[in-house]
Amino acid sequence: MGSSRGQKLSGIQKQVLSLYRGFLRAARSKSHDERRNIESVVSQEFRRNAKDVDRKNFLYIEYLLRRGNKQLDQLRNPGTTG
């Protein structure tokens, strides 16, 4: 991981990475096909937002984090598919 190199992460960056890891962990509890689909969608969404969202637009980033956390809570529900 190389935490000794480069800049330290801000609080919001840590929250984003934690959310990403949370989605990947939640995907592990789903079937193989659902897991691949979830991982693909999550990866695409995070990459798209990393490219399209201004890093200084904290209000929008915080909104995306709140929305992502709600979606993660839904995904963690055992009855939720895809």
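Predicted model: local features only at pLDDT ≥ 70, side-chain atom pairs only at ≥ 80, totals over all residues.

**Words and their cut-offs**

Author: Leaving aside its neighbours within four places in sequence, L75 is in contact with F23, A26, K30, I38 and T80, where contact means heavy atoms within 4.5 Å. Residues are numbered from 1 along each chain as its sequence is written, and side-chain values use heavy atoms, with hydrogens and water left out.

Reader: What does T80 touch, and where is T80 found?
Author: T80 is found in the segment after α3, and, not counting residues up to four places away in sequence, T80 touches K30, Q74 and L75. The C-alpha atoms of T80 and K30 are separated by 8.8 Å, although these residues are 50 residues apart along the chain.

Reader: Why is T80 called partly exposed?
Author: Buried means under 20% relative accessible area, exposed means over 50%, and partly exposed is what lies in between (with a 1.4 Å probe and protein chains only). T80 has a relative accessible area of 23%, and therefore T80 is partly exposed.

Reader: How many helices and strands are there in the protein?
Author: The protein has three helices and zero strands, and from the N terminus on its elements run α-α-α. Helices (H or I, at least four residues) and strands (E, at least two) are DSSP runs, numbered from the N terminus.

Reader: How do you know that the span of α2 agrees with what a helix should have?
Author: The expected span of a helix is 1.5 Å times one less than its number of residues. For the 21 residues of α2 (residues 32-52) this should give 30 Å, and the end C-alpha atoms are 30 Å apart, which agrees. For the 19 residues of α3 the span should be 27 Å, and the end C-alpha atoms are 26 Å apart, which also agrees.

Reader: What makes you say that the buried residues of α2 line one face of the helix?
Author: The buried residues in α2 are I38, V42, S43 and N49. Seen down the axis of α2, they fall within an arc of 140°, so they line one face of the helix; the arc is that of the directions from the helix axis to the C-beta atoms. What covers these buried residues includes α1 (11-27) and α3 (58-76), whereas the face turned away from the buried side carries exposed residues, among them H32, D33 and R36.

Reader: Why are the buried residues of α3 put on the same side?
Author: In α3 the buried residues are I61, L64, L65, G68, L72 and L75. They cover an arc of only 105° around the axis, which puts them on the same side of α3. These buried residues pack against α1 and α2, while L59, R66, K70, D73 and Q74 are exposed on the other side of α3.

Reader: Which residues touch the most other members of the largest nonpolar core?
Author: A nonpolar core is a set of buried Ala, Val, Leu, Ile, Met, Phe, Trp, Tyr and Cys residues joined through side-chain atoms within 4.5 Å. The largest one has 13 residues, of which L19, F23, I38, I61, L65, L72 and L75 touch the most other members. Each of α1, α2 and α3 supplies at least two residues of this core.

Reader: Why is the pair of Y20 and F46 called edge-to-face?
Author: Rings of Phe, Tyr and Trp (its six-membered ring) pair if their centres lie within 6.5 Å, and planes under 30 degrees apart count as stacked, over 60 as edge-to-face and the rest as tilted. The structure holds three aromatic pairs. In one of them, the rings of Y20 and F46 have their centres 5.0 Å apart and their planes at 70°, so the pair is edge-to-face. This pair links Y20 in helix α1 with F46 in helix α2, 26 residues apart. The rings of F23 and F46, with centres 6.3 Å apart and planes at 70°, are also edge-to-face.

Reader: How do you know whether F23 is buried or exposed?
Author: F23 has 7% relative accessibility, and therefore counts as buried, whereas F46, at 21%, counts as partly exposed.
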